[in-house]
Amino acid sequence: MWQFTETLGEGAYGEVVLAKNINTNEFAAVKVIDINRLKGNDVVIRKEIDLHKLFRHENIIRFYGYKQQYSNYYLFLEYAAGGELFDKIEPDVGMPEYLAQHYFKQVVAGMAYLHSLGVAHRDLKPENLLVANNNILKICDFGLATLFRSQTTKEERKLTTYCGTAPYSSPEVWAKTPYRGEPVDVWSCGIILTAMLTGELPWDQPSYQNPEYKRWLDRDYYHNPWKKIDNMILNLLRRILIHDPAQRARVIDIQSHKWMSKVYSQDGTESDHQLLKRMAVKYEEPCWSLTQPNQSTTSTVISSTSMDDPMVNCISQPIKLDDLILITEPRSLAEMGDQDPSEHLVHRMTRVVLAISFDETIYLLNRLFVHTGYTPKRTAGNQITVFTQDKRHTELIFKVNVFKIPDAKIMADFRLSKGDGIEFKRKFVEIRERLVQLATAWSNGGGGSACFNHSDTSSTLTNGNNSVNQLQEAMDT
Ligand code: AMP
């Protein structure tokens, strides 16, 4: 029996929820798709399921099975407890080169695997790259994926659905000309690598009208983000971000580029070690199987996989469809008796831990958002939804969920609902900074002994006996 717990993220047609099997204590990420929101376009989800269930690769999120119940589809997926890749990108800074190389190699490996099956992802971006145990990167969200090569005849077709996410889309998709599948994913990988190394996206769209893109075509690399990038990697990017898809690097060219085999010092610096240690997740991957609705209850989704597949080896008994009972009314992990729920939850950088009360946290956040010019709305008892725009004037919506955690602390968990992930992260950092100032002003204003510590993963605001009134005073100073 599967119990829904915390929400992990939001997709185009619904939420992704962390589910716990209350008999076996296994975890799965369940993508909930509201059939009403599909507006009769069920074929989109059937296609996602049909493609995703084929994939067996370390760098692709595993599809375990699905169930249709009432007006929802429930897609059971491998749970990636390390969160999204974009969460590891510091705005305007990026991440250390060796780490970018570590992740980039895995994106390319996952993409090469998809292409070998004749599948193009068409929406590769850091939000669709998750991190699991031991820093293993996993490609997810196959909502826009499609077959560009027949598995039987090996014939390739050109694609004509112009989809994706603007800053990651290739020029041929923007130009709305029939395009080949592989080069558009290769292009997106180039933008992902740029984002990982610099914490910024090079342009809104790769069109001749765009001044930043024009500069790139003119080989003017003396501006950001290019001037932050080492020459060897810039050389690789110049091979990837080529306007003409026929001239663009192929996967094999990327894999054989000299930067891909550059060895970074094993001992690294102390902070590098700390970073990797912090990012390693304690969570153990679950191993079980689920039955598909249309299959007999004895055959499992993964029963046709080869015996060298680790998933097959760890199955004790196939789970019958009847066993796939969902309790969709969420219960938090804490309510279910988990001593430390944060151990199982995605390790996000967009979290703040506060040592003030729940009500004070909600109040403070609301005031802070209004002061910053955002529009906050209380969308649930413990949730504020915030509406704003990014620097490209595109809608940016994020949610803040406030939870009680052990040691009488409160966690405010910021999660993107709509818009660009890096911009969201930039705004989060600004809000966190403002909280630091607030805490300082608050402590200086008398009352409590406020101090603020923040590590890369969380920030802690502690106070003495401050009240909501004192918070208000601090806001107004
Ligand atoms: P999607 O609808 O696939 O784009 O997923 C929306 C968001 O949910 C992602 O950006 C992740 O933050 C989260 N998410 C999706 N799948 C998983 C998973 N397998 N494990 C953990 N988080 C996930």
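1. Strand 1 gives the most to the shell around the ligand, three residues; strands are DSSP runs of E, at least two residues long, numbered from the N terminus. Strand 1 (2-10) and strand 3 (27-34) each supply at least two shell residues.

2. Please keep in mind that this is a predicted model, where local features need pLDDT of at least 70 and side-chain atom pairs pLDDT 80 or more, while totals for chains, interfaces and linings use all residues. Residues are numbered from 1 along each chain as its sequence is written, and side-chain values use heavy atoms, without hydrogens and water.

3. Which residues come nearest the ligand? Of the 16 around it, they are Lys-31, Glu-78, Ala-80, Glu-84 and Asp-141, where near means a heavy atom within 4 Å.

4. From the side chain of Asp-141, an N or O atom is 3.0 Å from a ligand oxygen. The protein covers 93% of the 480 Å² of accessible area that the ligand has on its own (Shrake-Rupley method, 1.4 Å probe).

5. Why does the ligand lie between domain 1 (2-79 + 310-327) and domain 2 (85-150 + 158-279)? Because both domains give residues to its shell; the bounds come from an automatic or database domain assignment.

Key:
A polar contact is a pair of N or O atoms within 3.5 Å; within protein, one must be able to donate a hydrogen and the other to accept it, and residues adjacent in sequence count only if both atoms are side-chain atoms. Helices (H or I, at least four residues) and strands (E, at least two) are DSSP runs, numbered from the N terminus.
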